[in-house]
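Here are my notes on this chain, point by point. Please read them with the model open.

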Amino acid sequence: MGDWELLLPGEADVLIRGLRSFQLLEMGSEGWSRQHEHLEKLNMQAILDATVSQGEPIQELLATHGKIPTLVEELIAVEMWKQKVFPVLCKLEDFKPQNTFPIYMVIHHEASIINLLETVFFYKEVCESAEDTVLDLVDYCHRKLTLLVARTSHGSTPSEEEGSQDITPMQELQKQAELMEFEISLKALSVLRYITDCVDRWAQSSSPTTNNKQKEKEILPPNNPAPPGKLQRFESGRWQTVVPSEQQKLSKLDGQVWIALYNLLLSPEARARYCFTSFAKGQLLKLQAFLTDTLLDQLPNLADLKDFLAHLALAETQTPKKDLVLEQIPEIWERLERENRGKWQAIAKHQLQNVFSPSEQDLRLQARRWAETYRLDLLEAVAPERPRCASCNSEASKRCSRCQNEWYCCRECQVKHWEKHKKACVLAAQGDRAK
């Protein structure tokens, strides 16, 4: 196996062939956990392949074996679990787990899948292999973007530094889930942008519905310019202060929004299906204020978008069409909700007893399997930047000597963070000894 390979030759093919959908009741079970580990390996291998610009077997295998629809269904299933079952678990008075790692694994599952989709959807053939489930994926992205816009509009973007030190393990888990939700929403934005690269293909067949495309256009336009002074951007997994000289530089996320808008508005097929009502026209014309010379220097193709908006400003608005329109609609969320409606409490209690109350032996076994799943040398090789201190978020150069998993900038920070890290550290160390 080469330095940049996590999976043995042929192993990726076996793992991808075995991917399947799980019921909400099965989340966290033995079979589900195995598949989660397989997805983590596929995720890391896909990132490694993209990083070193070598062959792309993961994306090819996912498309060849028709597994993108399976990933989309798993993505929406765990999203529903987090919304419907996880809150019930948090309220159960008799649920006081000694270790929340098994629950965290389910919460993290959504992030793993959306990250994998973001990596492989760069290739149009993979995006097209989603087939009808692309409607469900667009609907999923719309939910995430709605959440993101609502959060930023109220100035409530999460921060890792918020919160008290004196919180219960379940409260800490809820905080981690909220932080993760923000990053998932940003990944969904990138996935949506890649879907818009194929908008002509979908429009010629049974495209993501006109209503969905209209909703995306209404959500995607940028917010009002930030006030003068301190500006922060979320990049490389954390908030970073932008110096004044860099504030006009286009961020990766902003670029994704502009490219998505460009694809949606300038595609002949999409425009033919979109109704430019008075409201929609007014919303879209707000973009003109952002199309500055500085922006056009960084994304020259947006000059075509600027010309289109100038033409739209002079064009007559359209009245909504009243013709009979037959179109496909997303169905995975509705089907899962219909199958599990009224069962959320029962699912939570079943998982409390059978999944999320593991013995010490089970936890040690799980720790060993996770140590085998992650190779720290590969993770460090593809990290976007140097490791960050688990306590103060500064650049870190020292690793926990016991588990080798957590990073710190100094001894003082390690001591300060020990109470939080202790359980995971002991568990990881036990797993290493058991190997």
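1. Which residues does Ala-12 touch, not counting residues up to four places away in sequence? Ala-12 touches Leu-7, Leu-42, Ile-58 and Leu-61, where contact means heavy atoms within 4.5 Å. Ala-12 sits in helix H1, residues 11-17. Ala-12 is buried, at a relative accessible area of 11%. Buried means under 20% relative accessible area, exposed over 50%, and partly exposed in between, with a 1.4 Å probe and protein chains only. Gln-45 lies 33 residues from Ala-12 along the chain, with 8.9 Å between their C-alpha atoms.

2. Ground rules. This is a predicted model, in which local features need pLDDT of at least 70, side-chain atom pairs count only at pLDDT 80 or more, and totals for chains, interfaces and linings use all residues. Residues are numbered from 1 along each chain as its sequence is written, and side-chain values use heavy atoms, with hydrogens and water left out.

3. The chain as a whole. The chain holds 21 helices and four strands. These are DSSP runs numbered from the N terminus: helices are H or I with at least four residues, strands E with at least two. Of the 435 residues, 46% are buried. Among contacts with a separation of 6 or more, 77% join residues 24 or more positions apart. The accessible surface is about 22,500 Å², and carbon and sulfur atoms own 50% of that. Accessible areas come from the Shrake-Rupley method with a 1.4 Å probe; for residues, only the protein chains shown count as cover.

4. H6 against H9. Helix H6 (residues 101-120) packs on helix H9 (residues 169-196) at about 15 degrees, with the axes 9 Å apart. H6 is therefore roughly parallel to H9. The cut-offs: under 35 degrees is roughly parallel, over 145 roughly antiparallel, 65 to 115 roughly perpendicular, and the rest oblique. Axes are lines fitted to C-alpha atoms, for helices over the stretch in contact, and angles run from 0 to 180 degrees between N-to-C directions. The crossing is left-handed, that is, the near helix is turned anticlockwise from the far one by less than a right angle; clockwise would be right-handed. By class, the contact of H6 with H9 has 14 nonpolar, four polar and four charged residues. Nonpolar covers Ala, Val, Leu, Ile, Met, Phe, Trp, Tyr, Cys and Pro; charged covers Asp, Glu, Lys and Arg; the others, Gly among them, are polar.

5. Ser-190. Ser-190 belongs to helix H9. Ser-190 is buried, at a relative accessible area of 4%. Leaving out residues up to four places away in sequence, Ser-190 touches Glu-118 and Gln-256.

6. H14 against H16. Helix H14 (residues 278-285) and helix H16 (residues 302-314) pack at about 140 degrees, their axes 10 Å apart. H14 and H16 are therefore oblique to each other. Lys-281, Leu-284 and Leu-285 of H14 meet Leu-309, Leu-312 and Ala-313 of H16. The class count for this contact is five nonpolar, no polar and one charged.

7. Two loop residues. Thr-277 lies in the loop between helix H13 (268-273) and H14. Thr-277 is buried, at 16% relative accessible area. Thr-277 and Thr-319 are 42 residues apart in sequence, yet 5.9 Å apart C-alpha to C-alpha. Glu-131 occupies the loop between helix H7 (124-128) and helix H8 (133-153). Glu-131 has a positive phi, near 50 degrees, and is not glycine. Most residues other than glycine have a negative phi.
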